[in-house]
Amino acid sequence: MSQVLVASNRGPVSFSLSDDGTLTMRRGGGGLVSGLAAVTGGRGPDGPPSENGAAPEVLWVCAALGDADRAAARQAPDGRLDQAGRDTGGAAVRMLDIPADTFHRAYNAVANSTLWFVHHLLYDTPRTPHFDARARRDWQSYEAYNAAFADALARDAAPGAKAAIQDYHLSLAPRMLRDRRPDLKIVHFSHTPWAPPEYYRLLPDDIGARILDGILGADHAGFLTERWASAFLDCCDLLPGTKVDRLARTVTRAGHVTRIGVHGLGVDGAALRERAARDDVAERARALRERVGDRRLIVRVDRTELSKNIVRGLAAYRELLVNHPEWRGRVVHLAFAYPSRHDLREYREYTEAVRRTAERITEEFGTPDWDPLIVQVNDDFPRSLAAYGMADVLLVNPIRDGMNLVAKEGPVLSERGCALVLSREAGAAAELDSDALLVNPYDVSQTSEALHRALLMPHRERAERCARLAAAATALPPHRWFADQLAALD
Ligand code: G6P
């Protein structure tokens, strides 16, 4: 029985199966896992102890994401990976073995192809979305998947325990858990933006209402910025039988009050610097330096994710080389675009579009002794850290993003002070606006000019801005972000 429980789709580790049948464990990716790994037991599986020495004993409930995870979950007593002799990075982890087809429909069809698209405004509305009988069946799987989490949490929670339920995969679980265990204190946290009501209304009415009602089963609903919290309240305003009090920041439904909170998530500076000081990072830095020489460096680090806007970022770099030919031969764009959600056709097509765009730039500008663009697609965490250290300019241009931790990690690890070109639609822009160069992510020319300005920025100004960005980025480390949410339940 645990006093504090966390629930999220992706857990701190996942597994792959090699040909000889052995399971290899690796660290989970994405902002949610990075943030939570630091608070559940003090370190992630790939990380050093964080600033948070006295983390509460947390049980982290997550889903088995594929066959290898399912095999690992089955081998562990009651799905408890930490009790199967595995080093899960200090966290107690229960992995739920949800049937593969239920998981596939809940995760791919509903969470990632529908809710993610709604909150990031990604639909191509003349064609999609298209909610038909099949979408209703997918929705039933989403309900079953949420119920599996609610069951696990209800079973493992001590009387009066606190449950922190994460993200759009689990928007029904708070209500389901309250129905099963009214004694618990429940917080739901959204790591994504929240859609404005005109866009949210693309969802079928009953589904849109169920999602709001699900989150309103929590005692506290947390968002990364004021803007996303306010959009959520706007959507609640349209839900019959619901009363929104903006001053008190509460939503009342069926006699139950949910408080709405804004909890920014930053990075743990000390832990990140300690990780970046290891040999594997120095080795990657040497290899990168050999390829880039003493040229200026524009860096981006993303999952290959539609919302990250990589194609327009590459187009902006191309426009820089066209409009400011003085940079040719003197700058290199290092673009790390790590594979993501390849079960979805949209993501596979987007990956292909990134590849084609990159190829065209290389063909157009490359010379025998200058690679204008280096794209790396194999996920390599130490290499990302090395690139942050070397960057002159960091480009973070998402169409929309809950927060974006790359914009925060980069300045913290920058060795010479990097300039940050940042989309105004990233949650991080609300905290970093005074020192980043903000851009409209759809405006390729503006982004290109911001890159030019960033490259020209005098060294001293760049270093001063970078130091302030790093201070802002570390102001709310994960353990504070998490502690604030738990405190909000008291
Ligand atoms: C975002 C979401 C997380 C998710 C991550 C990676 O940060 O908010 O919930 O884990 O993307 O996506 P994936 O689908 O690979 O878990």
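A residue is buried if 20 or more other C-beta atoms lie within 10 Å of its own, and exposed if 12 or fewer do. The model discussed here is predicted.

By that definition, Asp 167 is buried, because 21 other C-beta atoms lie within 10 Å. Asp 167 sits in the loop between strand E6 (157-166) and helix H5 (173-180). Ala 254, in the loop between E10 and E11, has 9 other C-beta atoms within 10 Å and is therefore exposed. Most residues other than glycine have a negative phi, and most peptide bonds are trans. The table lists the backbone angles of interest.

| Site | Angle |
|---|---|
| Asp 167 | phi, about 75° |
| Ala 254 | phi, near 45° |
| Thr 128 and Pro 129 | omega, about 5° (cis peptide bond) |

Pro 129 belongs to the loop between H3 and helix H4 (133-156).

The chain is divided into domain 1 (3-266 + 478-487) and domain 2 (269-473). Their centres, taken over C-alpha atoms, are separated by 29 Å. In domain 1, 27 residues are in contact with 21 residues of domain 2. Helix H1 (31-37), helix H3 (100-119) and H8 each give two or more residues to the side of domain 1 that touches domain 2. That side has 8 nonpolar, 15 polar and 4 charged residues.

Helix H8 (residues 226-237) has buried residues Trp 228, Ala 229, Ala 231, Phe 232, Cys 235 and Cys 236. Seen down the axis of H8, these fall within an arc of 160°, so they line one face of the helix. They pack against several elements, among them helix H7 (205-215) and strand E11 (256-262).

Definitions and conventions. Residues numbered from 1 in each chain as written. Predicted model: local features only at pLDDT ≥ 70, side-chain atom pairs only at ≥ 80, totals over all residues. Helix = DSSP H or I, 4+ residues; strand = E, 2+ residues; numbered from the N terminus. Arc of directions from axis to C-beta. Contact = placed C-beta atoms within 7 Å. Domains from an automatic or database assignment. Nonpolar A, V, L, I, M, F, W, Y, C, P; charged D, E, K, R; others polar.
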